[in-house]
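Please keep the sequence and the structure in view while reading the points below.

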Amino acid sequence: MNHRLLPIFFMLFCTSICTAQTFELKKEHDSLYYINGWRLPYPVYQFQTGDVDGDGRDDAIVGVIKGTRFYPEKARRIFIFKQVNGKARPLWLGSKLGGILKDFRYIDGVIRALESTTDGRYVVSDYRWGGFGMNFDHYLIKDVDMQTAIKTFSQ
């Protein structure tokens with residue numbers, strides 16, 4: 001199998017144990033990726049790392065485009081993976097956060113989301129790990145136009 005590597009590799013070092021933790025996202029074609037051996041049969045639009053669940057180890061946060069059982073329309077979703085013995089294992093295969101996900105980033109222990117609403121307005125929200133997925137924490141801004149939301153999201 002010939003994998004083309006995405007230009008995104010993350011080498012993360014645990015300072016207390018001094019061992020390397022690496023997440024590697026490999027692209028086979030536009031809708032088939034592998035993250036540390038875990039098959040992702042969806043287009044990937046983003047890949048980040050951060051300690052989502054607060055256990056002191058970084059997790060992989062992968063943005064995929066797919067439909068779900070309850071939301072069959074293809075849209076941007078977030079998957080979160082732990083690393084166990086060098087392999088990726090799902091921590092959360094999210095179907096939806098709050099609104100219509102446009103973009104996300106990991107910052108200071110939260111996943112910050114840029115989302116649109118059904119009436120065409122925008123919100124920027126923070127989500128925290130809640131034990132079985134992401135829980136809404138608070139709005140940074142809501143009911144604003146796209147440019148205002150992007151400016152807040154980017155800060």
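In this predicted model, aspartate 126 counts as buried because its relative accessibility is 3%, below the cut-off of 20%. Its side chain meets that of arginine 112 in a salt bridge with an N to O distance of 2.8 Å. The pair links distant parts of the chain, with aspartate 126 in strand S11 and arginine 112 in strand S10 (residues 110–116), 14 residues apart. Arginine 112 is likewise buried, at a relative accessible area of 12%.

**Other salt bridges**

- A search of the whole structure finds eight salt bridges.
- Side chains of opposite charge can pair when their charged atoms come close.
- Lysine 82 and aspartate 53 meet through their side chains in a salt bridge of 3.1 Å, N to O. Lysine 82 belongs to strand S7 (residues 75–84), whereas aspartate 53 lies in the loop between strand S5 (44–50) and strand S6 (59–66), 29 residues apart.
- Lysine 82 is buried, with a relative accessible area of 16%.
- Asp53, Asp55, Asp59 and Lys82 are linked in a network of salt bridges.
- A salt bridge of 3.2 Å, N to O, joins the side chains of aspartate 143 and arginine 121. Aspartate 143 is in strand S12 and arginine 121 in the loop between S10 and S11, 22 residues apart.
- Arginine 121 is partly exposed, with a relative accessible area of 31%.

**The loop with glycine 130**

- Glycine 130 is found between strand S11 (122–129) and strand S12 (134–144), in the loop.
- The relative accessible area of glycine 130 is 42%, so this residue is partly exposed.
- The C-alpha atoms of glycine 130 and aspartate 53 are separated by 7.9 Å, although the two residues are 77 residues apart along the chain.

- S3 runs antiparallel to strand S4 (residues 38–40), and three bridges join them. Tyrosine 34 has arginine 39 in S4 as its bridge partner.
- Two residues separate S3 and S4 in this hairpin, and asparagine 36 in the turn has a positive phi of about 45 degrees.

**The whole protein**

- The protein has one helix and twelve strands.
- Of its 155 residues, 41% are buried.
- The accessible surface comes to about 8800 Å², and carbon and sulfur atoms account for 52% of that surface.

Conventions:
Residues are numbered from 1 along each chain as its sequence is written. This is a predicted model: local features need pLDDT of at least 70, side-chain atom pairs count only at pLDDT 80 or more; totals for chains, interfaces and linings use all residues. Side-chain values use heavy atoms; hydrogens and water are left out. Helices (H or I, at least four residues) and strands (E, at least two) are DSSP runs, numbered from the N terminus. Buried means under 20% relative accessible area, exposed over 50%, partly exposed in between (1.4 Å probe, protein chains only). Two strands pair if DSSP finds at least two bridges between them. Accessible areas come from the Shrake-Rupley method with a 1.4 Å probe; for residues, only the protein chains shown count as cover. A salt bridge is a side-chain nitrogen of Lys or Arg within 4 Å of a carboxyl oxygen of Asp or Glu.
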